[in-house]
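Okay, thanks for coming, everyone. Let me put the structure up and then walk you through a few side chains.

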Amino acid sequence: MSERTKELGLISTSKFKEWKLVIVGIAFAFLWSSASTATKIGLTSAQPFVISIFRFLIAGVIMLFVTHIVLQNRMPAKREWIQIGIYGFLNITFYLGLYVIAMQQVSAGLGSLAVATNPVFIAMMSAFWFSHRIKFKNILSLVLCFMGVILAAYPLLQNSYATPFGILILLVSMVGYSLGTIYYSRVNWNGLNILTINGWQTIFGGAFLSPVLWATYRSDKNIFDISFWTSVCWLAIPVSIGAVQFWLFLLKNNPIKASYWLFLCPIFGFIIAHFMMKEPISFYTVFGVAFVICGLYIVQKKSKI
């Protein structure tokens, strides 16, 4: 094989890898941002914790079957169970438990916009947690993101697509996600497979929510119809499994570049909500998304969380 042929082959392989990353990145952004609309659809048929428990059970069982039965990965050992329990409480029980409550009172587009601000919360909380100096860019990015959320929420508040309390719960849920992310990144997992961690933390997180479901369940508020099962299955498989695996693939390839795919989430989120839920897109929406994207860009540029 000539040197020229080898060179062309390397170029072709490089181009294929680039396109693969682009396709995976777009798929991740689309699936991740679709979660808020899928949740809103499910809430038309069932209580929030009913949706959550079914979602976590389906996703957890599938991931555990794949990791332990198909891939034959080891089970967690000793202290790893405690670590998974803590991670599951922060990332599933606290974050998604509050998130699904908030989605009863905020629009699907606003929900996806808030989720996209997580890197900013993580950067700020990491600085507080580990006593690092808070940089000006972190403060600026946080201000821009909050301004963006407020701008996007303004017409939604006027038209009853959101409430102040719903937005507050949504932002508090982001704190839970950020805490979970920081905890996960700082714990020694001893080579435990990521699918094993995700599977068990999903099951644990759902189990921690069970008492709340038991206390609040009302049979007359739940209709297990096509809307319910479509919502739950979409949240469990394409979002909880598919989007997470795409995200891990992007992180493994390049953690810094991976974070930039979050820029697409609020854009996809409002578009999906507009077509699926007939939610309005206004100049406030456009400028709000622009502010959030600027905030994300500032905090992620040459940063390693």
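Let me start with a question: by about how much of a helix are Trp200 and Phe204 separated in helix H8? About one helical turn, because they sit 4 residues apart in H8.

Before I go on, some housekeeping. This is a predicted model, where local features need pLDDT of at least 70, side-chain atom pairs count only at pLDDT 80 or more, and totals for chains, interfaces and linings use all residues. Residues are numbered from 1 along each chain as its sequence is written, and side-chain values use heavy atoms, with hydrogens and water left out. pLDDT, by the way, is the predictor's confidence in each residue, from 0 to 100. The protein averages 84, with 89% of its residues at 70 or more. Helices here are DSSP runs of H or I, at least four residues, numbered from the N terminus.

Now, the rings. The structure holds 19 aromatic pairs, meaning rings of Phe, Tyr or Trp (its six-membered ring) with centres within 6.5 Å; planes under 30 degrees apart count as stacked, over 60 as edge-to-face, and the rest as tilted. Phe89 and Phe208 make an edge-to-face pair, 6.3 Å centre to centre with 65° between the planes. That pair links distant parts of the chain: Phe89 is in helix H3 (residues 79-102) and Phe208 in helix H8 (residues 194-216), 119 residues apart. Trp200 and Phe204 are edge-to-face as well, at 6.2 Å and 65°. Ring pairs join Trp81, Phe89, Trp200, Phe204 and Phe208 into a cluster.

How covered are they? I call a residue buried under 20% relative accessible area, exposed over 50%, and partly exposed in between (1.4 Å probe, protein chains only). Trp200 is buried at 17%, while Phe89 is partly exposed at 40% and so is Phe208, at 39%.

Last stop, charges. There are 2 salt bridges, each a side-chain nitrogen of Lys or Arg within 4 Å of a carboxyl oxygen of Asp or Glu. Arg74 meets Glu80, with the closest N and O atoms 2.9 Å apart; Glu80 is buried at 4%, but Arg74 is partly exposed at 37%. Arg218 and Asp220 pair at 3.0 Å, N to O, with Asp220 exposed at 53% and Arg218 partly exposed at 44%.

Methods: Helix = DSSP H or I, 4+ residues; strand = E, 2+ residues; numbered from the N terminus.
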